[in-house]
Amino acid sequence: MNENAMTRQGIRIHAPEDFAGMHRAGALSALILDELGPMIRPGITTGEIDDYIRKRIEDEGATSATIGYRGHGGQIYNHASCISVNHVVCHGIPGDKMLKDGDILNVDVTVIVDGWYGDTSRMYVAGKAPIKARRLIQVTHDALMKGIEVVRPGATFGDIGHGIQTYAETQRMSVVRDFCGHGLGRVFHAPPNVLHYGRAGSGPVLEEGMFFTIEPMINLGRPETKTLADDWTAVTRDKSLSAQFEHSIGVTADGFEIFTLSPAGVFMPDLG
């Protein structure tokens, strides 16, 4: 990879052959999330879900990007996933919490395959969720896709955020401002910050070869969050439900490729 291949904004431009590596990593993370669907039901703990993810990553000869990851405060993360239930916005720590009927949850997995990072998350429902929760999940998924649809050379990162924000707010929901998507490739987190709100035409211009995540967090209530004493778990300040979907994206000559498509076509849960 050409170490000098960067834009003026410091965002790496990847070579055409790098797309294959990202597809391999993204496919594995998406496959593991596919396999979770039948497991997620009332009575299972988030720790049991994480144990399965850890084992599957090991079985595939890959590496978890989150085990041993050092946070901003220097704290070490020791799990193969983040599992965020109900009003947890992101970075929920797997443990003894048992899922109840109607719980909604986001599972976020990042694997490393041959040095490439595959990062994706999606929503699940334990049992049957209330109507408002099901609508939140649908709107969040659709907001992600609205953001992805504008990706092409010449568009801006502000266009992505504007598309997501405009859609979510027309549905009377709010976009979390405290967390964002990010560049990735042979590193977990890199420039740019991919905001899920913003003004059309603002921010860096997209170029072919840029790799990044889009991962909007949408709340039923207000957008404000707070981080708990564990320094990881972020929750909605007003205790309203939150949902998130995440894909890893590469900019192509005329649009985009999604590296983390569900092999089984089950990126969206069955909302009944």
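Student: Why is N86 called buried?

Tutor: In this predicted model, N86 has a relative accessible area of 17%, and because buried means under 20%, N86 counts as buried. N86 is found in the loop between strand 4 (82–85) and strand 5 (88–90).

Student: What makes the phi of N86 worth noting?

Tutor: N86 has a positive phi of about 60 degrees although it is not a glycine, and H91, also a residue other than glycine, has a positive phi near 65 degrees. Most residues other than glycine have a negative phi.

Student: How do you know that the peptide bond from P191 to P192 is cis?

Tutor: Its omega is near 5 degrees, and the bond is cis, whereas most peptide bonds are trans. P192 is found in strand 10 (residues 190–194).

Student: What makes I214 stand out in the largest nonpolar core?

Tutor: This core has 34 residues, and I214 is one of those with the most contacts inside it, alongside I104, V151, F157, I160 and F212. Helix 3 gives the most to this core, with seven residues. Leaving aside neighbours within four places in sequence, I214 is in contact with residues including L144, I148, V151, I160 and I249, where contact means heavy atoms within 4.5 Å.

Terms used: Residues are numbered from 1 along each chain as its sequence is written. This is a predicted model: local features need pLDDT of at least 70, side-chain atom pairs count only at pLDDT 80 or more; totals for chains, interfaces and linings use all residues. Side-chain values use heavy atoms; hydrogens and water are left out. A nonpolar core is a set of buried Ala, Val, Leu, Ile, Met, Phe, Trp, Tyr and Cys residues joined through side-chain atoms within 4.5 Å. Buried means under 20% relative accessible area, exposed over 50%, partly exposed in between (1.4 Å probe, protein chains only). Helices (H or I, at least four residues) and strands (E, at least two) are DSSP runs, numbered from the N terminus.
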